[in-house]
Amino acid sequence: MARSFALAMSIVLSRVVNVVATIVLTPQVDTTFRGSAELMTYGAVSIGVWLSPFLLWVVADLLLERRDQGLVRKK
């Protein structure tokens, strides 16, 4: 259930990551993206699409493992 919620929230986080990636990549338009703002936008969106679910999945797994370890120690 926690992993499903994390993946559902990845849409929300991807919006934030897209903005941050766009801000970070904007100075590189002339060099890395050969002057193409459209190519930079595709790159920023790709970063958001892949990074958001991955980060939330890792966080959900870490929280689930931590919770499971806490239950084992109490026994």
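Tutor: Helices (H or I, at least four residues) and strands (E, at least two) are DSSP runs, numbered from the N terminus. Trp57 lies in one of them, helix α2. The model is predicted, so local features need pLDDT of at least 70 and side-chain atom pairs pLDDT 80 or more, whereas totals for chains, interfaces and linings use all residues. Residues are numbered from 1 along each chain as its sequence is written, and side-chain values use heavy atoms, with hydrogens and water left out.

Student: How many helices and strands does the protein chain have?
Tutor: Two helices and zero strands. Helix α1 covers residues 2-25, and helix α2 covers residues 37-74.

Student: What makes the protein chain more spread out than a compact globule?
Tutor: Its radius of gyration is 17 Å, well over the 11 Å from the globule rule for 75 residues, so the chain is more spread out than a compact globule. The radius is taken over C-alpha atoms, and the rule is 2.2 Å times the number of residues to the power 0.38. Along the principal axes, the C-alpha atoms fill a box of roughly 60 × 20 × 15 Å.

Student: Why is Trp57 called partly exposed?
Tutor: Buried means under 20% relative accessible area, exposed over 50%, and partly exposed in between (1.4 Å probe, protein chains only). Trp57 has 41%, so it is partly exposed. Phe54, also placed in helix α2, is partly exposed because its value is 47%.

Student: What makes up the nonpolar surface patch of about 450 Å²?
Tutor: Ile47, Leu51, Phe54, Leu55 and Trp57. Patch residues have over 30% relative accessible area and no salt bridge; like charges are joined within 9 Å, nonpolar side chains (Val, Leu, Ile, Met, Phe, Trp, Tyr) within 5 Å. Ile47, in helix α2, counts as partly exposed because its accessibility is 38%.

Student: How much of the accessible surface of the protein chain belongs to carbon and sulfur atoms?
Tutor: 68% of about 6000 Å², by the Shrake-Rupley method with a 1.4 Å probe; for residues, only the protein chains shown count as cover. Buried residues make up 21% of the 75 residues.

Student: Which residues make up the largest nonpolar core?
Tutor: Six in all: Ala21, Leu25, Val29, Phe33, Met40 and Ala44. Such a core is a set of buried Ala, Val, Leu, Ile, Met, Phe, Trp, Tyr and Cys residues joined through side-chain atoms within 4.5 Å. The elements giving two or more residues to this core are α1 and α2.

Student: Why is Ala44 called buried?
Tutor: Its relative accessible area is 0%, so Ala44 is buried. Ala44 lies in helix α2 and, neighbours within four places in sequence aside, is in contact (heavy atoms within 4.5 Å) with Asn18, Ala21, Thr22 and Leu25. Asn18 is 26 residues from Ala44 in sequence, with 5.6 Å from C-alpha to C-alpha. On the same terms, Phe33 touches Leu25, Gln28, Leu39 and Met40.

Student: Is Ser14 buried or exposed?
Tutor: Ser14 counts as buried because its relative accessibility is 9%. Ser14 is in helix α1 and touches Gly48 and Ser52, leaving out residues up to four places away.

Student: What makes Asp61 and Arg3 a salt bridge?
Tutor: The closest N and O atoms are 2.7 Å apart, and a salt bridge is a side-chain nitrogen of Lys or Arg within 4 Å of a carboxyl oxygen of Asp or Glu. The pair links distant parts of the chain, with Asp61 in helix α2 and Arg3 in helix α1, 58 residues apart. Asp61 is buried because its relative accessible area is 17%, while Arg3, at 42%, is partly exposed. A search of the whole structure finds one salt bridge.

Student: Why does Arg34 count as exposed?
Tutor: Its relative accessibility is 80%, so Arg34 counts as exposed. Arg34 is found in the loop between α1 and α2 and has a positive phi of about 55° although it is not a glycine. Most residues other than glycine have a negative phi.
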